[in-house]
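Grab a pencil and have a go at these exercises. Try each task yourself before you read its solution.

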Amino acid sequence: MAGERPKRPLSAYMLWLNETREQIKKDNPGSKVTDIAKRGGELWRGMKDKSEWEQKAIKMKEEYNKAVKEYEANGGTDTGAAKKRKGKPAAKPIKKTKKKDTSDEEEEEESD
């Protein structure tokens, strides 16, 4: 068994927010989690230079891609949630075609 698939890397914003969250809490005592997230979004949008965080995110993305290649080379398969989500909509048309098939068969039986 190849183990767990590597987790997706954090975005530049999430890296920044994780490091800045405590300071936002101190600056806004008694704030709810949602208020802190909202304030974080405002601060992030207002930032002029995000290059430090974007570079960290790029590095994490490269490490992630390398880890995924190693995972797949060692027998890991991609059975992530994305595939599960794609499967659900595809199931509905299959059911519709089955219903059509049975109604076609019934019509054939009636005409015999």
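This is a predicted model: local features need pLDDT of at least 70, side-chain atom pairs count only at pLDDT 80 or more; totals for chains, interfaces and linings use all residues.

**Exercise 1.** Find out whether Lys-50 is buried or exposed, and which side chain of opposite charge is nearest.

*Solution.* Start with burial: Lys-50 is buried (under 20% relative accessible area with a 1.4 Å probe, protein chains only; exposed is over 50%). Next, look for a partner: Lys-50 has no salt bridge (a side-chain nitrogen of Lys or Arg within 4 Å of a carboxyl oxygen of Asp or Glu). The nearest side chain of opposite charge is Glu-54, 6.0 Å away.

Residues are numbered from 1 along each chain as its sequence is written, and side-chain values use heavy atoms, leaving out hydrogens and water.

**Exercise 2.** List what Lys-50 and Trp-44 touch, leaving aside neighbours within four places in sequence.

*Solution.* Contact means heavy atoms within 4.5 Å. Lys-50 is in contact with Trp-44 and Arg-45. Trp-44 in turn is in contact with Ala-12, Tyr-13, Trp-16, Lys-50 and Trp-53.

**Exercise 3.** Work out which residues of α2 are buried, and where exposed ones sit.

*Solution.* The buried ones are Ile-36, Gly-40, Gly-41 and Trp-44. They're on the same side of α2 because they cover an arc of only 140° around the axis (taken from the directions from the helix axis to the C-beta atoms). Turned away from that side are the exposed Thr-34, Lys-38 and Arg-45. The cover over the buried residues includes α1 and α3.

Technical notes. Lys and Arg count as positive and Asp and Glu as negative; His and the chain ends are not counted. Helices (H or I, at least four residues) and strands (E, at least two) are DSSP runs, numbered from the N terminus.
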